Amino acid sequence: MNVVVTGAAGFIGKNLIQRLKVMDGVTVRQYDVDTDPALLTEYVKDCDIVYHLAGVNRPEKTEEYMEGNYGFTATLLEALRSTGSKAKIVVSSSIQAALDNPYGVSKKAGEDLVIGYGQQTGSDVVVYRFPNVFGKWCRPNYNSAVATFCHNIARGLPITVNDPEVLMHLVYIDDVVDELLLCAGGGEHVRDGYGYVPTVYDVKLGRIPELLYSFANIRNDLSLPDLSDGFEKKLYSTYLSYLPDDGFLYPLNMHTDDRGSFTEFLKTSDRGQVSVNISKPGIVKGNHWHNTKNEKFLVVRGEGLIKLRKVGSDKVVEYRVSGKNLEVVDIPCGYTHSIANVGDEDMATVMWVNEIFDPQKGDTFYEEV
């Protein structure tokens, strides 16, 4: 399949092209504002599908809206017409095409031109009126509030929220790309004559920076977002993509003593927390039990011996574990337990517990195994 993408260097274009590049049997020809115009006809003459993503949304002069959104569309269609191409045309338009403003009028004019071309030539045409698109690689401080918020908050810079009650209609870039790829096989979603992305998030503007600030604080409280919420999950992925290059690393608070260390790593409100325990050779930790807490121990380095005994019983169960053969040991409630480093190097254990530690309700009782 031969594919042409206009607006190749733009937000949607970059994401679409990277997906196309990893598909077998697909040749991608990229066209953008700095591409030699003479190449356009060469690119489209034997293509199977054109993703027309090029457009103007923040020009210096109002007339540039029409020049970019209508004028270049006319140039593209003329190139297709001159080669006799029957390529499918997929157009990235905007919900603003329904509005009476310079940008919307120019997008509507471009839509009408493509739809008319399809009717005249029999070429398959799909026009998408996208709402606000968010995700990685969107340019901040340009025309996306989400991108600007992510960029600034990730750098400790101020943001401006003009009206937190404004309802935003948002689609995620990967959902957009998934939908665009469906067009190649004729599986696009169409309603009332326009293509659409099935998953749309209606979110008040003020909720977005509220979530982003909570993401920025994760490094302090070790929490994770509510990943069961589709929007929150995708916004967190988006936020991380805007971290500065020197901002990926952050320290954890290691509680150290002569036995080794204990370090909390992640905490969730409904999935417990994960910690890393380092024990020096010969050290035994634990010798306690819980009423409701339950844990999972995974030794990832060194040699360990885990002992468990049901409270009230004399029977001791032992598990020899090693970082050379990763195995998880469940620590049920009602069992006193210990973990000993029986090797000659520091032992590292990843520990999961089903609830975040609450000092007011420790649920931990000393009793030797």
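Which helices and strands each supply at least two residues of the lining of the largest pocket? In this predicted model, the list runs to helix H1 (11-21), helix H3 (63-83), strand S4 (88-94), helix H4 (102-121), strand S6 (132-134), helix H5 and strand S7 (167-172).

**The largest pocket**
- About 1500 Å³ of space sits in this pocket.
- Its lining is made of 49 residues, and if you want to find the centre on screen, look for Gly 55, Asn 57, Tyr 103, Tyr 142 and Asn 143, which lie nearest to it.
- Sorted by class, the lining residues come out as 26 nonpolar, 16 polar and seven charged.

**The second largest pocket**
- This one has a volume of about 610 Å³.
- There are 26 residues lining the second largest pocket, and Phe 262, Asn 277, His 288, Glu 295 and Met 351 are the closest to its centre.
- Strands S11 (254-257), S12 (260-268), S13 (272-279), S14 (284-289), S15 (295-301), S19 (335-341) and S20 (347-353) are the elements that give two or more residues here.
- S12 gives the most to this lining, with four residues.

**The cavity**
- Searching the whole structure turns up one cavity of 30 Å³ or more, and the largest cavity has a volume of about 90 Å³.
- The cavity's lining consists of His 52, Ala 54, Gly 68, Asn 69, Thr 73, Val 91, Ser 92, Ser 93, Lys 107, Gly 110 and Glu 111.
- By class, that makes two nonpolar, seven polar and two charged residues.

**H5 against H7**
- Helix H5 (residues 145-154) packs on helix H7 (residues 207-216) with an angle of about 30° between them and their axes 10 Å apart.
- Angles under 35 degrees count as roughly parallel, so H5 and H7 are roughly parallel to each other.
- The crossing of H5 past H7 is right-handed.
- On the H5 side, the contact uses Val 146, Phe 149, Cys 150 and Ile 153; on the H7 side, their partners are Ile 208, Pro 209, Leu 212, Tyr 213 and Ala 216.
- The residues of this contact are nine nonpolar, with no polar and no charged ones.

Key:
Residues numbered from 1 in each chain as written. Predicted model: local features only at pLDDT ≥ 70, side-chain atom pairs only at ≥ 80, totals over all residues. Heavy atoms only, no water. Axes fitted to C-alpha atoms, helices over the stretch in contact; angles between N-to-C directions. Parallel < 35°, antiparallel > 145°, perpendicular 65-115°, else oblique. Left-handed = near helix turned anticlockwise from the far one by under 90°. Contact = heavy atoms within 4.5 Å. Nonpolar A, V, L, I, M, F, W, Y, C, P; charged D, E, K, R; others polar. 1 Å grid on protein atoms, 1.4 Å probe; cavity = no way out; pocket = protein on both sides within 12 Å on 5 of 7 lines; lining within 4 Å. Points joined across faces, edges and corners; volume = space filled by probe spheres on them.
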